[in-house]
Amino acid sequence: MHHSDSPAFMADYPLKAHNTFGFDVRARFACRIEHEAQLLAAVRDPRVAGLPRLVLGGGSNVVLTGDFDGLVVLIALRGRRVVREDENAWYVEAGGGESWHEFVAWTLAHGMPGLENLALIPGTVGAAPIQNIGAYGLEMGERFASLRAVELATGEVVELDAQACGFGYRDSFFKREGRDRFVITSVTFRLPKAWQPRAGYADLARALAADGHGGDAAPSAQAVFDAVVAVRRAKLPDPLELGNAGSFFKNPVVDAAQFEALKRMEPEVVSYPQADGRVKLAAGWLIDRCGWKGRAMGAAAVHERQALVLVNRGGASGADILALAKAVQRDVFERFGVELEAEPVCL
């Protein structure tokens, strides 16, 4: 075995820089993984046998409510390459530790559009399939070819296609049966050569028009990318300035009958009809209607520009954020009869 592949376990390791909420918590042990072989060695190492495991990429979708009494696996697997291409598509692979946004920018810079609607989503490439990240009319699953993952219990390397990953709305096999069982080490995307812009979202269309891309000419992939970045920056706080984990709640999906009843009560309700006849509601709108936008409980607050985002104004704990989330959920349920589900993983 290569000498650098034996894992270096760092004891009592601070995680403040490894979670975007900026919670000041520690791990009993942490190890940084730069090669798949290091991961295999780390999960089999007797020094950490039987300890709970937590895998962190960018830490942008996790609420750490206290110190972690186990092994934190910090994913730093890098690399981006075109694996192959045919007449219809490029197949592009990226390491699980690559920044998602930088990877999207890299594909565009190399003339391979298709991921531009997902620009500026925080986190890593390896985390993207776990909740099938999506934004502005595109889900990652539509551009997904396959991934490599290591099963933590056995150290077995598996390759999974889209069907095996079971993608749904902010959902996948890795959130259900596969939860906490795998580390995604690399992901391969299929970027079709017959590219067409997806710019139907109102916010996006406005940003493009403001940038001179209205009218008949279809915007370029770069123009869509720039518009997505502009819209996200205007609405979402930078985690380096204000700790957050992006959207804290999923947009709830209700059946047609419940939606009709809700619409009679709240004619302005923001909604998106789904293919299966159900209706997706805008969680941010529901929260805003309950008067929570910009409100705080201690150092935990609902962001003033985007009610979906909970922020750490400095010194909040994970417990403070969860208490705020519960208060928001309670008010939304009491007023609308709709249960909001948290998007980040709460530990």
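Glu266, Glu268, Arg289 and Arg335 are linked up in a network of salt bridges (a side-chain nitrogen of Lys or Arg within 4 Å of a carboxyl oxygen of Asp or Glu). Keep in mind that this is a predicted model, where local features need pLDDT of at least 70, side-chain atom pairs count only at pLDDT 80 or more, and totals for chains, interfaces and linings use all residues. Residues are numbered from 1 along each chain as its sequence is written, and side-chain values use heavy atoms, leaving out hydrogens and water.

**Salt bridges**

- Searching the whole structure turns up 23 salt bridges.
- One of them joins the side chains of arginine 80 and glutamate 98, at 3.6 Å from N to O.
- Arginine 80 sits in strand S6 (residues 80–85) and glutamate 98 in the loop between strand S7 (89–95) and H2, so this pair ties together parts 18 residues apart in sequence. Helices (H or I, at least four residues) and strands (E, at least two) are DSSP runs, numbered from the N terminus.
- Arginine 81 and glutamate 93 also pair up, at 2.7 Å from N to O.
- Arginine 81 belongs to strand S6 and glutamate 93 to strand S7, so they link parts 12 residues apart in sequence.

- Glutamate 98 has 5% relative accessibility, so it counts as buried (under 20% relative accessible area; exposed is over 50%, partly exposed in between, with a 1.4 Å probe and protein chains only).
- Arginine 80, at 33%, counts as partly exposed.
- Glutamate 93 is buried at 16%, while arginine 81 is partly exposed at 46%.
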